[in-house]
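Please examine the sequence and the structure before reading on.

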Amino acid sequence: MGSVVVLGIESSCDETGAGLVRDGRLLGHAVASSMDEHARYGGVVPEIAARAHVHALTPVVRRALDDAGLRMSDIGAVAVTTGPGLSGALQVGLAGAKSLAYALDVPLHGVHHLAGHVAADTLEHGPLPDPCVVLIVSGGHTSLLLVRDLARDPIVHLGDTLDDAAGECFDKVARVFGLPYPGGPAIDRAARDGDPAAVAFPRPLTGPRDAPYDFSFSGLKTAAARWAEGHAGRALPVADGAAALQEAVADVLTRKAVAACRAHGVGTLVVVGGVAANSRVRSLAEERCGAAGIELRVPPLRLCTDNGAMIAAVGDLLVRAGAGAAPLDVSIDPSAPLEFAALAPRAAVGG
């Protein structure tokens, strides 16, 4: 097959993204966010997100094409997030992708959202080493993976969060601290003026008998809330609390990720997802990987959060690997486990 331009569409949460990739190179992309509409509620409201996708999808695709200097007729395949994510939001993106694939008479590829985050790094640093350890850390997911050929091989889970994801912990604690939504960037900003050693927050699941690569942030979230409650009637030292919380999260994430690389004899750690934009996670990962002789790869900030370019990157890998297209009756799977990069569940029949 000759060189194909792949359009990627992402709509799993509150960002509407479109990206265009050919032969591993990002040609153009655009993102529209409905985050401001959710901020007053302190979290994403699914119905608002879905409605925002309806309004944003066509303009975002047009902007991505303009950014790439391409026309609709240049698209040779369409890739779309089919899960996991918010059901209504996923449906909007899938409906748009099906319409485009049908109208253009090009293949459609269903893509797992988290595989998109993994592939995002390839747009900046080239093909992933085989094997590599990937730390996915975001508002809804925290996982350590062993990845070989992303387009062909099964993805091996070394560990996952048992409760809250790291980004979820940031969001919930930020609200307790009186910081705005989204909590991750707010915690990061507040932490700049704080002392990370000011509060001795716990490091969950880091004991000798704990699962070495699993995560748990629910207890850390509770510890931060109890600490804040202990300042009732007094000014809350938010900067110190934010710095200490951020240090605890970054410590656990990077400690386990580097340990996984060592245990599996892997020389490259890839850190992806929205929380990969956190300044302390990035700096501590760089410090610990450098000390261990491990190559660290982290996408640029614009590719850490949800975007269509990362979905196009997976689609591009699938096309070049000769993967079969998804049927046009492909459905969504809002709670899909990450097993393969391609995700093409079929719609239920009857009932």
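I9 has A18 in β2 as its bridge partner. Strand β1 (residues 5-10) pairs with strand β2 (residues 15-22) in the antiparallel sense over five bridges; two strands pair if DSSP finds at least two bridges between them.

The model is predicted: local features need pLDDT of at least 70, side-chain atom pairs count only at pLDDT 80 or more, and totals for chains, interfaces and linings use all residues. Residues are numbered from 1 along each chain as its sequence is written, and side-chain values use heavy atoms, with hydrogens and water left out.

The open sheet has five strands in the order β3-β2-β1-β4-β5, with mixed pairing. Strands β3 and β5 (108-112) stand at the edges with a single partner strand each, so one side of each lacks a neighbour in the sheet.

S34 lies in the loop between β3 (25-33) and α1 (35-39). S34 is buried, with a relative accessible area of 4%, where buried means under 20% relative accessible area (1.4 Å probe, protein chains only). D306 is found in the loop between β10 (295-297) and α11 (308-320).

The table lists side-chain polar contacts, each a pair of N or O atoms within 3.5 Å, one able to donate a hydrogen and the other to accept it; residues adjacent in sequence count only if both atoms are side-chain atoms.

| Side chain | Partner side chain | Distance |
|---|---|---|
| S34 | H38 | 3.0 Å |
| D306 | H113 | 3.3 Å |
| D306 | H117 | 3.0 Å |

Notes. Helices (H or I, at least four residues) and strands (E, at least two) are DSSP runs, numbered from the N terminus. Buried means under 20% relative accessible area, exposed over 50%, partly exposed in between (1.4 Å probe, protein chains only).
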